[in-house]
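Thanks for coming. Please keep the model on screen while I talk.

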Amino acid sequence: MISLKQLTYALAVEQTLHFKKASELCNVSQSALSTAITELEKQLDLQIFERNNKKVIITAEGLLVLNKAKQIKIEVDELYQLSQMNKSALTSPMTMGLIPTIGPYLLPKVLPEVRQQYPLFKLSIVEEQSHNLIDMVRNGDIDVAVLALPFPIDGLMAFEFWQEDFYWVTHKDECPSQIQEITSDELELEKLMLLKDGHCLKDHALAACSLPVNSSSTNKSNKGNASFNSTSLHTLVQMVAGKLGTTLVPQMALDQLIHNESELSAVHLNEPGPHRRLAFVVRPNYVKTKDIEILKQIFTQQLEHHCG
């Protein structure tokens with residue numbers, strides 16, 4: 001009979017496109033993994049992988065098998081989770097995905113309280129961009145993703161726990177004195193530095209300013225001598241400290257990004273909000289929604305405490 005172990009090995013080869021790396025991922029010998037996949041192909045009477053000494057290629061029939069294997073793996077994982085439902089809250093391991101513009105600023109605020117209340121809770125963290133996390137949730141590679149909305153999550157379920165606005169960050173020498181609010185019309189767009197394309201924070205910032213997502217004005221330096229192709233909010237803030245431009249930062253990240261930067265000013269962006277919403281995203285048939293509800297409550301309370 002076809003075994004779950006065989007399917008797991010095949011999915012590992014799909015992920016790595018390399019038999020040796022797949023065997024290391026599964027903690028088995030390469031020969032054991034290769035034998036199991038060869039046996040699987042014999043049982044199915046089709047070839048899943050074309051392989052030689054240089055590369056591994058997934059066949060058209062193999063792709064169909066692997067897609068079905070992913071569905072089976074998700075169902076088996078959920079069967080195991082059902083067995084955990086009667087256990088105490090937050091005692092089962094959970095893998096959570098976060099985007100780089102959320103993880104470093106959210107986790108220090110919420111995890112201490114989670115640990116305090118649920119010391120047995122085992123949480124694994126994965127950091128990826130939003131579109132990768134959505135695929136990982138759908139494929140069952142992670143239990144839950146923490147995303148900034150709006151973002152396409154068709155077929156998935158969201159548990160919102162925080163709403164926030166953006167703040168305009170500039171050097172104090174270049175900030176009009178005593179201003180508490182600024183509108184997008186008052187921003188000098190040629191000085192505005194945002195993250196590189198592909199980061200949803202950039203899209204949300206542009207949307208808050210009623211600018212098109214493909215706006216080119218945010219990619220140009222007013223002096224033409226600085227690269228704004230950044231993947232890090234911290235880097236952008238350091239560039240602002242160097243008087244290379246200005247940027248927009250979400251409320252949740254302000255304390256960590258400008259706390260020790262006395263030369264910087266943060267001014268609320270006075271545009272209709274919230275400018276972004278944070279949510280847990282899970283599969284609609286995810287069985288540990290009780291755990292998600294508990295985390296949602298803790299996260300909301302701690303964010304209100306630290307950012308309210």
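One cut-off before the residues: I call a residue buried under 20% relative accessible area, exposed over 50%, and partly exposed in between. Also note that this is a predicted model.

With that cut-off, Lys73 at 26% relative accessibility counts as partly exposed, and so does Asp77, at 27%. The two side chains meet in a salt bridge, with 3.2 Å from N to O. Both residues belong to helix H4, residues 60-83, and sit 4 residues apart there, so about one helical turn separates them.

How many salt bridges does a search of the whole structure find? The count is 9. Another of them joins Glu24 to Lys20, with the closest N and O atoms 2.7 Å apart. Here the helix is H2, residues 19-26, and the two are again 4 residues apart, about one helical turn. Glu24 is partly exposed at 48%, and Lys20 is partly exposed at 42%.

Arg277 forms a salt bridge with Glu160, and the closest N and O atoms are 2.9 Å apart. Arg277 lies in strand S12, residues 276-282, while Glu160 lies in strand S6, residues 157-164, so this pair ties together parts that are 117 residues apart in sequence. In accessibility, Arg277 comes out partly exposed at 25%, and Glu160 partly exposed at 30%.

Now a charged residue without a partner. Glu271 is located in the loop between strand S11, 264-269, and S12. Is Glu271 buried or exposed? Glu271 is buried, yet it has no salt bridge. The nearest side chain of opposite charge is that of Arg277, 16 Å away. Setting aside residues up to four places away in sequence, Glu271 touches Thr183, Ser184, Asp185 and Ala208.

On to the cysteines. The disulfide count, with sulfur atoms required to be within 2.5 Å, comes to 0. Take Cys209: it is in no disulfide, and the nearest cysteine sulfur, that of Cys200, is 15 Å away. Cys209 is buried, at 4% relative accessible area.

As background, nonpolar side chains in soluble globular proteins tend to be buried together. The largest core here has 75 residues, and the members that touch the most others are Met96, Leu106, Phe280 and Phe299. Which helix gives the most to this core? That is helix H10, residues 289-307, with 7 residues. Apart from this core lies another, of 18 residues, including Tyr9, Ala12, Ile37 and Val56.

Back to Met96. Leaving out neighbours within four places in sequence, its contacts include Leu123, Ile125, Val144, Phe280, Leu295 and Phe299. Met96 also has a bridge partner in strand S5, namely Val144.

Strand S3, residues 94-98, has 4 of its 5 residues buried, so it is largely enclosed by the rest of the structure. S3 pairs in the parallel sense with strand S4, residues 123-127, over 5 bridges; in that pairing, Leu98 stands opposite Glu127. S3 also pairs in the parallel sense with S5, over 3 bridges.

S5, residues 144-149, has 6 of 6 residues buried, so it too is largely enclosed by the rest of the structure. In a regular strand the side chains alternate between the two faces of the sheet. For S5, both faces are covered: Val144, Val146 and Ala148 are buried on one side, and Ala145, Leu147 and Leu149 on the other. S5 pairs with S12 as well, in the antiparallel sense, over 5 bridges. There, Ala145 stands opposite Val281.

Last item, an open sheet of 5 strands. Their order is S8-S11-S7-S10-S9, and the pairing is mixed. Which strands are at the edges? They are S8, 181-182, and S9, 192-193, each pairing on one side only. Within this sheet, strand S7, residues 166-171, runs antiparallel to S11, and 5 bridges join the two. His171 has Leu264 as its bridge partner in S11.

That is my list. Questions, please.

Terms used. Residues numbered from 1 in each chain as written. Predicted model: local features only at pLDDT ≥ 70, side-chain atom pairs only at ≥ 80, totals over all residues. Heavy atoms only, no water. Salt bridge = Lys/Arg side-chain N within 4 Å of Asp/Glu carboxyl O. Buried < 20%, exposed > 50% of the residue type's maximum accessible area, 1.4 Å probe, protein only. Lys, Arg positive; Asp, Glu negative; His and termini not counted. Contact = heavy atoms within 4.5 Å. Core = buried A, V, L, I, M, F, W, Y, C linked by side-chain atoms within 4.5 Å. Pairing = 2+ DSSP bridges.
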